[in-house]
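Here is a short report on a protein and its ligand. Look at the structure first, then read on.

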Amino acid sequence: MNKSLFNLDDWTKEDVNQCLNEALAFKKAEKIVNYHQEKVVANLFFEPSTRTHYSFDVAAHKLGCKTLNFNEKVSSTKKGESLYDTIKTFEALGVDAMVVRHPENEYYKTWENKIKTPILNGGDGSGNHPTQSLLDLLTIKEHFGHFEGLKVMIVGDLKYSRVAKTNMKIMQKLGMEVFGASIDELYVNGIKKANFKTDLPHMDVVMLLRYQFERFAEQENYHLDYLKNYKLTKALVETMKPNAIIMHPAPFNRGIEIDDEVVECSQSKIFDQMSNGVFVRMALINRAISDQGKQN
Ligand code: CP
């Protein structure tokens, strides 16, 4: 059985609910933790990360695993070693699972079947961020108790956001109505267009995104002028349904896509998302390294 997680394309509703229930059991400490003392998880991050990297690290430690935190800057990638050979090396070293983040979209596409050790995708370029989506779903499920019929608006830099792309697919599969609000240049196909300000009062979830300037082509920096119209301000929050929630995968740019005072307002779930990341990643590591964790 393949225990790697590269994207959520093949995940069913049942797969999602099973993962979230496992995560909730870890959160409520119903599940025994600290029982994987012999296991080693390697974190290989080829792009900056705070939440994904360290919540995987915390999750692995809570399960009793040891972790290796790969430092690209002092690794043999500097001598030209490829990503595949780096991954193959960690497999040869005998680690039980790897978490990989890499700037290339679908970095795993050409060799995923050649690696037997489970790999958990911590984000590939502007492609997929499956573990972020699962922690977002856990946060939504905890608040509303269900997914079916919820209206979600994903706002801003849809084009470069792996979070938006992963979420829009899995959320629609779960019966949520997903809208995108952005300037035309940063819009993506596959979701309904919404008007950020006039449709906001009808939404259950508003999900903001960081503008990924590092992925913008140089000539795209002018977008910031237009994106000023997509900032969630306190005045706009007051137009939202009282039970609606504000989400952001973070890191966020206070004052750009979200007002400083909105970040920690009562409807914001931003820091809950981060906490839930640990429990979702515990469930995913557990799934990867439990008996028959190695693919066969
Ligand atoms: N949300 C997220 O992926 O954050 P990091 O880039 O800090 O891991």
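A polar backbone atom of threonine 50 lies 2.8 Å from an oxygen atom of the ligand. For arginine 51, a polar backbone atom is 3.0 Å from a ligand oxygen atom. Alanine 250 places a backbone N or O atom 2.9 Å from a nitrogen atom of the ligand. A polar contact here is a pair of N or O atoms within 3.5 Å.

The protein covers 91% of the 260 Å² of accessible area that the ligand has on its own. Such areas come from the Shrake-Rupley method with a 1.4 Å probe.

## About the model

This is a predicted model: local features need pLDDT of at least 70, side-chain atom pairs count only at pLDDT 80 or more, and totals for chains, interfaces and linings use all residues. Residues are numbered from 1 along each chain as its sequence is written, and side-chain values use heavy atoms, with hydrogens and water left out.

## The shell around the ligand

Which residues surround the ligand? They are Ser49, Thr50, Arg51, Thr52, Arg101, His129, Gln132, Pro249 and Ala250. Each has a heavy atom within 4 Å of the ligand. By class, the shell has two nonpolar, five polar and two charged residues.

## Two domains

The domain assignment, automatic or from a database, gives domain 1 (13-128 + 275-289) and domain 2 (130-269). The contact between them (heavy atoms within 4.5 Å) takes 27 residues from domain 1 and 26 residues from domain 2. The ligand shell draws at least three residues from each domain.

Note on methods:
A polar contact is a pair of N or O atoms within 3.5 Å; within protein, one must be able to donate a hydrogen and the other to accept it, and residues adjacent in sequence count only if both atoms are side-chain atoms. Ala, Val, Leu, Ile, Met, Phe, Trp, Tyr, Cys and Pro count as nonpolar, Asp, Glu, Lys and Arg as charged, and the others, Gly among them, as polar.
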